[in-house]
Amino acid sequence: MDAFAVVGIIVGGILGAWILEHSAGGWLVGMLFGWLVARSVRQDRKLVSLEQRLRDIEALIEEMPEEEAQPVQQVAACVSPEQPPTEPAPPPAEAVKKQEMPPRRAEPAPPAWEDRLTAKVKAFFTEGNVVLRVGLLVLFFGVAFLLKYAADRNVVPIELRLLGVALGGLGLLGFGWRQRTARPGFALLLQGGGIGIMYLTVFAAFKLYHLVPTPLAFGLMLGLVAASTALALLQDSSPLALFGAAGGFLAPVLLSTGSGNHVALFSYYALLNSGILAVSWFKAWRSLNLLGFIFTLGIGSVWGLSSYRPQHFATAEPFLILFFLMFNAIGVLFAFRQPPNLRGYVDGTLVFGTPVVCFSLQAGMVQHMQHGLAYSALAMSLFYVVLATFLWNKGDERLRQGMRTLTEAFLALGVVFVTLAVPLALSGRWTAVTWAMEGAALIWVGIRQNRVLARSSGFLLQFAAGFCFLADGGHYGGTPLPVLNGDYLGSVIIAIAALFSSWQLYKADNLRHCEKWNHLPLFFWGCLWWFCAGITEIDRLFLSRIEDHLNLLFVALSCAVFTRLAARLHWKTAAWPSLVLPLFMVLMALENIGWQGYKHLFADMGWAVWPLSFILLHDSLRQGRGQLTERCLFVNHIIGFLLLTFIITAETSWLLHRFTGGEGVWPLIVWGLIPAGMVLLAHSRRLEARWPLAEYAETYQQWTSGILAALLWCWLISSSFGNSGNAAPLPFIPLLNPLELSQLAVMLLLVWWTMRHHARAEFASMLAVVGAGTVFLWLNTALARAVHHFAAVPFDVGMMLASRLYQTSLAILWALLSLALMVAADRRQSRTLWFAGCVLIGATVLKLFLIDLANSGAVERIVSFISVGLLVIVISYFSPLPPKKEEHA
């Protein structure tokens, strides 16, 4: 502690004891003020010295070349006026050479509010012109003591006393104005003190002595506010403006008469805030903006809690709207008036505090109105969306980017308030619908502005909307209109919102790794709502049979639309529903044929729906090229062609069954002829030049036709054993009746298809054996049908095996087949065929001795043995064993 500080403490203690009548408190207060004055003077000296050093460095930098000046500028930027060096500074040039950049340290945590308050109080008494501040405080106390002394003793008339005090305040104000150039800080404090004295004078004249009426007192207060604001703008001093505005906002409290005139109060505050708005046009003084915000809405909240009644709505609501618009405008101007590198800086207190406080006050004012708060939230949402749009479209690209944060803040507020408006006004179902649309909007905005929080919120909001919609239950309310009812339209909107969100996420290229697959859950969610909504609405409106066909048409049309969207929007995921269309068509066909108890697929509009469904399937498959994998398309082509074959065959069989009354073999033979015709159609040269055969020839000619060939073989076996060949009204002619002619055609088709696609050596032997066995069985069953029709033997396995005629005929047939095989073996020099004939003749002889000898009659036994014996002799004569050589079957 230096000598100057000791002198300050002594002098201050003496003055404090004298002023406070020699009390101990006077000594302590005086010594404290003396020490503060001495410290202030010392810091002023240091500050002047440091400023001189900085000016010297700046002058040196200006004289240096640009390459050498850059490190010097970095050194100079590290010097802080508030932290002067504790040792004498070296010459400027030497300091520049030796000074090094300090290491970068981590930013300390912000201090608590108690520490900040203590620091501000300490700074007030230790920084700047402390002597002047202390003098002004002492002067204020002196004026207050003078007024009290004069009031107690009535020494001078009160009017003259107040006039003298007012003139003193004006004198301080005028002297401070004259000193604004020479000593700016000193001048501003004098001006603030003068304005404060005049505030006290007006307050005393009105409140204590009732010398001026209320309008005049408010006018004087308002004039002082205007004067202080003008002086602050002229001298670029925010503390002076803050001081004047604080007096203006305190005036209604100090000058209150208890009348409760809220219109006058809010009109006066509107005028003060208009002044703050005007100042915001020129200056970004946050403290002044917050002062108006706190006083206006704070005092307004106090009045609303204590005095508001519903009948006050018409007079109070306009002021609330006015203050809401004013403080939003002040927040926008504050962002615009920032330096270029900080433009768009958001004052969170004004930007977010204004809607929160105003909406809370509005809630209390409209609580007696139905949907009043919902309309208020909707209006605020519309205001913020329009404001955000205006800010985004204002100015050039650089200005828009600078105001991006503020624009997004207003847009977020708009989303928040529309979210609040929906549940306040609508039912749970329409709340869910609106949330779904809002979620889609959030995802769209989040992608455009690269906001992860917005995208995540929109993603979750989609599912929340769906569950909320389901939880609310159905509310048809009487007989709803088809399609145009809340349940269906709400479901469709939820579906479209989810699908739109999925598309936006699919094509976005700025997603994080954890968001890459978010489009898939949304797509499945949207498809689920879309298809369930349509099927449920069809089920509500139509009968069961028509319902099935309309469901099929709805699903097929939806899949076709999805596939076209996938191709148009380059959105491959949208083509996925078409993958299940063939399977859905199969299920519908099986349901109509088997589960519903009838077999007419074209009944109940099926004649129109099924062809349209196949046309739509064809379109989906064609548009799906490039959108779906080749394997998926391969499977769908196969299922679609097989299903088409099945539908045509089933419907033709049903028609023949109806025309013949269910008699005869006619409904059965179409199950062989039509699939055989479809195999030939797949190999048509004319169709090979058209799609889909032009692109998927192998799929249809080998794979699909191969499946049909296997099914035809199964039909051939089953029809051979399971039908007697009754073709009434036509007579039965062996081998020339409709059934056996159809079977023969199918066998020829199978041979042709096999030779065309599977003629390789590794398959030839196996297929030859299968073919030979099939022909052998067919000939046996054809013989059984002939015996059935000409000898009236029942067409039954047991009855046929017990028939002597059939057994004899079978022995002759086998012997003839053996002869044919051995003759063919001789001509082709094939030992394989010869051994096959030999085995067959051996089986025939064995059958004669083991079965026919015991069960046949005398005539049948004689005929069998003579016939077979002669055939064996003929075979042995005409069919010797071919020599061994390389052969092919």
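P692 is found in the loop between helix 26 (666–682) and helix 27 of this predicted model. Helices (H or I, at least four residues) and strands (E, at least two) are DSSP runs, numbered from the N terminus. A cis peptide bond joins W691 and P692, with omega at about 10°. The model is predicted, and local features need pLDDT of at least 70, side-chain atom pairs count only at pLDDT 80 or more, and totals for chains, interfaces and linings use all residues. Residues are numbered from 1 along each chain as its sequence is written, and side-chain values use heavy atoms, with hydrogens and water left out.

The chain has 33 helices and 0 strands. Of its 889 residues, 41% are buried. Here buried means under 20% relative accessible area, exposed means over 50%, and partly exposed lies in between (1.4 Å probe, protein chains only). The accessible surface of the chain comes to about 48100 Å². Carbon and sulfur atoms account for 68% of that surface. Accessible areas come from the Shrake-Rupley method with a 1.4 Å probe; for residues, only the protein chains shown count as cover. Contact means heavy atoms within 4.5 Å. Among contacts between residues at least 6 apart in sequence, 71% join residues at least 24 apart.

Two helices were examined for span. The expected span of a helix is 1.5 Å times one less than its number of residues. Helix 19 (residues 452–472) has 21 residues. From first C-alpha to last, helix 19 reaches 30 Å, close to the expected 30 Å. Its buried residues are A454, R455, G458, F459, L461, Q462, F463, A465, G466 and F469. Helix 25 (residues 630–660) has 31 residues and reaches 45 Å, close to the 45 Å expected. G661 follows helix 25 and has a positive phi, near 70°.

Positive phi values also occur at residues other than glycine. Phi of H570 is near 55°. H570 lies in the loop between helix 22 and helix 23 (581–595). Its relative accessible area is 62%, so H570 is exposed. A792 has a positive phi of about 60° although it is not a glycine. This residue sits in the loop between helix 29 and helix 30 (797–802). A792 counts as exposed because its relative accessibility is 65%.

Salt bridges were counted next. A salt bridge is a side-chain nitrogen of Lys or Arg within 4 Å of a carboxyl oxygen of Asp or Glu. The count comes to 5 salt bridges. In one of them, the side chains of E515 and R455 meet at 2.8 Å, N to O. E515 lies in the loop between helix 20 (486–507) and helix 21 (519–541), and R455 lies in helix 19, so the pair ties together parts that are 60 residues apart in sequence. Both E515 and R455 are buried.

R564 forms a salt bridge with D619, the closest N and O atoms being 2.8 Å apart. R564 lies in helix 22 (residues 544–569) and D619 in helix 24 (residues 606–623), so this pair ties together parts that are 55 residues apart in sequence. R564 is partly exposed because its relative accessible area is 45%. D619, at 18% relative accessibility, counts as buried.

A salt bridge also joins the side chains of E537 and R540 (2.5 Å, N to O). Both residues lie in helix 21, 3 residues apart, about one turn of the helix. E537 has a relative accessible area of 6% and is therefore buried. R540, at 27%, is partly exposed.

S502 lies in helix 20. Its relative accessible area is 0%, so S502 is buried. Not counting residues up to four places away in sequence, S502 touches H519, L522, F523 and W571. T774 is placed in helix 29 (residues 761–791). T774 counts as buried because its relative accessibility is 7%. With residues up to four places away in sequence left out, T774 touches W713, L716, I717 and M747. The T774 side chain also reaches the backbone oxygen of V770 at 2.8 Å.

L735 lies in the loop between helix 27 (697–722) and helix 28 (738–757). L735 is partly exposed, with a relative accessible area of 41%.

Note on methods. Polar contact = N/O pair within 3.5 Å; in protein donor to acceptor, adjacent residues only side chain to side chain.
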